[in-house]
Amino acid sequence: MGTLIILAILALVVLGFNSPAWWVAAAVLAYLYVRHLRPDAGSTGSSSAGGGGSSSATRTDSNYRAYRERRDRMAKWERRYRRERPWNTKK
């Protein structure tokens, strides 16, 4: 399915040479593909470190070990945040 979407994006870019509105459609399709449809987007953890906790919480992990590693990594970042910003925590 990803190949079809990439081909559609390329076709919209080619059509965009006649009408720039197609480029906007290609950009929207590329954004939606990267944001919602791409499998295992950000599974390395580098993209979730930027504060994207809500998107990583909806992702299903392939096994229990991956779930535990992700949970432990998030807990480590939360402890660090609370330690560095004690005035910003809810009591």
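Leaving aside neighbours within four places in sequence, which residues is Leu-29 in contact with? In this predicted model, where contact means heavy atoms within 4.5 Å, the partners of Leu-29 are Ile-5, Ala-8, Ile-9 and Leu-12. Local features need pLDDT of at least 70 and side-chain atom pairs count only at pLDDT 80 or more, while totals for chains, interfaces and linings use all residues. Residues are numbered from 1 along each chain as its sequence is written, and side-chain values use heavy atoms, with hydrogens and water left out.

Read from the N terminus, the order of elements is α-α-α-α. Of its 91 residues, 11% count as buried (under 20% relative accessible area, with exposed over 50% and partly exposed in between, for a 1.4 Å probe and protein chains only). The accessible surface is about 7600 Å², and carbon and sulfur atoms contribute 59% of that surface; the areas come from the Shrake-Rupley method with a 1.4 Å probe. Among contacts with a separation of 6 or more, 21% join residues 24 or more positions apart.

Leu-29 lies in helix 2 and counts as partly exposed, at 27% relative accessibility. Its C-alpha atom is 7.9 Å from that of Ile-5, a residue 24 positions away along the chain.

The pairing of helices comes next. Helix 1 and helix 2 (residues 21-37) pack at about 160 degrees with axes 7 Å apart; axes are lines fitted to C-alpha atoms over the stretch in contact, and angles run from 0 to 180 degrees between N-to-C directions. The two helices are therefore roughly antiparallel (an angle over 145 degrees). On the helix 1 side, the contact is made by Gly-2, Ile-5, Ile-6, Ala-8, Ile-9, Leu-12, Val-13 and Leu-15. Helix 2 supplies Trp-22, Trp-23, Ala-25, Ala-26, Leu-29, Ala-30, Tyr-33 and Leu-37. By class, this contact has 15 nonpolar, 1 polar and no charged residues.

Val-14 also belongs to helix 1 (residues 2-15). This residue is exposed, with a relative accessible area of 54%. Between Val-14 and Ala-26, 12 residues apart in sequence, the C-alpha to C-alpha distance is 9.7 Å.

Terms used: Helix = DSSP H or I, 4+ residues; strand = E, 2+ residues; numbered from the N terminus. Parallel < 35°, antiparallel > 145°, perpendicular 65-115°, else oblique. Nonpolar A, V, L, I, M, F, W, Y, C, P; charged D, E, K, R; others polar.
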